[in-house]
Amino acid sequence: MLQGFAVALSPLNLAWCFVGVFLGTVIGVLPGLGPAATIAMLLPLTFRMDPTGAVIMLAGIYYGSKYGGSTTSILLNVPGESASVVTCLDGYQMAKRGRAGAALGIAAIASFIAGTVGVVGLMLIAPPLAKMALSFSSPEYFALMCLGLAMVVLLAGESMVKALLAMLVGLWVAGMGTDLFTSTSRFTFGSAELLDGIDFVVVAIGVFALGEVLGNLEVRQGPQMLPVPKGLRNLMPTWQDLKDCRFAFLNGSVVGFLIGVLPGAGSTIASFISYGIEKAVSKHPEKFGTGVPEGVAAPEGANNSETGGAMVPLLTLGIPGSGTTAILLAAFILWGLRPGPLMIQDNPVLFWGLVASMYIGNVMLLILNLPLIPLFAQILRLPAYTLYPAIFGISIVGVYSVSSSLFDAWMLAGFGLLGYAMRRLDYPAAPLILGFVLGDGMERALRQSLMMSQGDLSILVSRPISATMLFLTVLMLIAPLFRRANAWRVKAMS
Amino acid sequence: MSGAVLAGLGIFIIVEARGWEYLGPDGPGPGFFPLWYGVCMVALSLFLAAMGFAQSASGSAKAVEWREVGRALAAWAGLALCLGLLKVLGFLLAFGLFTFFLVAVMYRRPLGVALAVAAGMSAGFYLLFPLALNVGLPVGKLGF
């Protein structure tokens, strides 16, 4: 860990950490532009950087965006991030009653406490989990990827069928190009440009960044903002507020981290659950939704602590749990690193440097977010007609800089349209990206498993770990069907 | 509608996968994995299409806001045109025109504002990418 701090405290890495958390806060503040889109857009620009600095910066964007997300929820009643939806309930009510400063201050303090708890959890859980995963072979990896995808599909949207279809489209896109084992061209439509497959950056920027911007362009007018409190004194919550929130800080930290570790659950679910727990144990649950500080502290804590939890499966198993961590996984692979059980052993400098930078980043975010909130809120006054062209431009340049290919730029436009269509038709984007990222590895693991068993599929269920994971996968996918069938039965009887 | 499109994609995947080796002497071939996800895709998309049909028959389907969709598609068409012009005009000019279109047409800002934003955006990209970051931009027939 000390080595990690030595890495994270080097002037250059400190600067990258600052850039990351600053950018993260900015994009968190901006409604309609998420960390996944931002990381995807910036990914091509990090190829020339030292991987440790690049990881520190991109991770900073990821957890920094969670801090910024609360600002729009409180001042505009519009969540900057999906994870900040619950913060609107009490945060906006506090702001309407003239307590915007206290709400913003509580959000920043809760984010700091929970973010730090999340990093402690990552530091304690990741090494033993990685050690356990060292015994995994191809069948276990295949089963693990199935489990990860199933959890993402289960929790990604309102319709599990649509989430599954999005994931299958991701697998199909991942399968384009030359086959890993036999050099057969698959789904290349006779195009030489597709022989190497489709670059991850093209898919991620298209689906996330362009899809989001096209969705935002549907309307011309933005929402109206409440007045922003000025001065640090007006942003500090009272002692009574802090006393009222002490359980919310703990609840958000623990629930957020535990849910973060589960692939697919994500910060939105973490914030809803911690809000629900907070309301359930409160002495005055009826006041929730009218502007109570605990209603801000619990979800804001949970969505920050979740980022530490989400790093656990990403770094130790190579299994991302969300669209953003899928992009981080692709970034690791593009830099020649392979997240998984050997990650800590093979790249201790990078792993511990990242963990240490997350501690430092959380301190930076607290300092940035308390006194500088009024400044960040000014970003909301930035006209959309200057922001969206810039995102289009960065997307085109980002894709073009990877391969200097105009073909990729056209593919970007195609995936942008796909991303927009998915938003319109309520198809979640995360399963598609996860299917795309895990597709190659999943096919490789399955085919290697079947080679090991000379084509006998029972290898997947005859090994205890893979059998357990596949059983859980099936259970997760069929449980909602039973629930729905039961609901229909009850309805029919009544 | 989306269910029908995805069913078509699933059938295409199955047809293509059947042209590749399914199981060889060394184990599963290149057609093994696509065949299975193609089958899953057809089954799920047909289920989705049936659900959609049932919903529209009962009148509970969501109405489409065509005006909003039209705005997004117009922006996408502008982007496509910009990409088409990259080879001829280069990034700076094509992107400037695209920005002008977004500001003047999509956001209905005065022409002077649109021109200023477009010029500023192109200049900003030139300063940031080729000059500061040494990242090349697509060059057109005019040499920039």
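A: The crossing of α12(A) and α14(A) is right-handed (the near helix is turned clockwise from the far one by less than a right angle; helices are DSSP runs of H or I with at least four residues, and strands are runs of E with at least two, numbered from the N terminus). This is a predicted model, in which local features need pLDDT of at least 70 and side-chain atom pairs count only at pLDDT 80 or more, while totals for chains, interfaces and linings use all residues. Residues are numbered from 1 along each chain as its sequence is written, and chains are lettered from A and ligands numbered from 1 in the order in which they are written.

The axes of α12(A), residues 246-261, and α14(A), residues 294-317, come within 6 Å and cross at roughly 30 degrees (axes are lines fitted to C-alpha atoms over the stretch in contact, with angles from 0 to 180 degrees between N-to-C directions). The two helices α12(A) and α14(A) are therefore roughly parallel (under 35 degrees). Their contact comprises 14 nonpolar, 12 polar and three charged residues (nonpolar: Ala, Val, Leu, Ile, Met, Phe, Trp, Tyr, Cys and Pro; charged: Asp, Glu, Lys and Arg; polar: the others, Gly among them).

Between the chains, the contact draws 46 residues from chain A and 49 residues from chain B (C-beta atoms, placed from the backbone, within 7 Å). On the side of chain B, α3(B) gives the most, with 17 residues. By class, that side of chain B holds 37 nonpolar, six polar and six charged residues.

Note on methods:
Two residues are in contact if their C-beta atoms, placed from the backbone, lie within 7 Å. Angles under 35 degrees count as roughly parallel, over 145 as roughly antiparallel, 65 to 115 as roughly perpendicular and the rest as oblique.
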